[in-house]
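Please open the model in a viewer and keep the selection tool at hand. The tour begins at a pocket and then moves to salt bridges.

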Amino acid sequence: MTALDELLALERAGWRSLCESTGDEFYGRLMTDDGLMVLVDGSVLDRAAVVASLGQAPPWATFEIREPRIVTLGAESAALVYTGVARRDGTDFVGRMSSAYVRVDDAWRLALYQQSLAGPDGG
């Protein structure tokens, strides 16, 4: 399995957890101790804040990962960049996502996640 396949599997599992309201548990396990999420509203959340916020978040109904690409950052690190399309409460969200992963004890862990709104044309 390639790094792209492995990271896509993790991203899809993360999105599924957000659809099933188990994102707090999933990301609590997946993130590094010093991991951060930078959200579209400009907020920066550490792992504890991510877990707390996802424990209260409404579930997403659907998600799609489009145009995934991988950027090798080092021997034991890589970033997955993609367009995420999700729907919740009748509202669509289209954003550019980047997830930087590092290998810790032979497993991928999320060190940094960032999202930006896609342009009005999805680009």
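Select the lining of the largest pocket: by class it has 16 nonpolar, 6 polar and 2 charged residues (Ala, Val, Leu, Ile, Met, Phe, Trp, Tyr, Cys and Pro count as nonpolar, Asp, Glu, Lys and Arg as charged, the others, Gly among them, as polar). The model is predicted: local features need pLDDT of at least 70 and side-chain atom pairs pLDDT 80 or more, while totals for chains, interfaces and linings use all residues. Residues are numbered from 1 along each chain, and side-chain values use heavy atoms, without hydrogens and water.

Next, centre the view on L18, L39, L54, W60 and Q115, which lie nearest the centre of this pocket. Colour helix α1 (3-19), which gives the largest share of the lining, 4 residues; α2 (23-30) and β6 (107-117) are among the elements that supply at least two each.

Now select E6 and R103, a salt bridge with closest N and O atoms 2.9 Å apart (the term requires a side-chain nitrogen of Lys or Arg within 4 Å of a carboxyl oxygen of Asp or Glu). E6 belongs to helix α1 and R103 to strand β5, 97 residues apart.

Finally, select D33 and R47, a salt bridge at 2.6 Å, N to O. D33 lies in strand β1 (residues 31-38) and R47 in helix α3, so the pair ties together parts 14 residues apart in sequence.

How values were computed:
1 Å grid on protein atoms, 1.4 Å probe; cavity = no way out; pocket = protein on both sides within 12 Å on 5 of 7 lines; lining within 4 Å.
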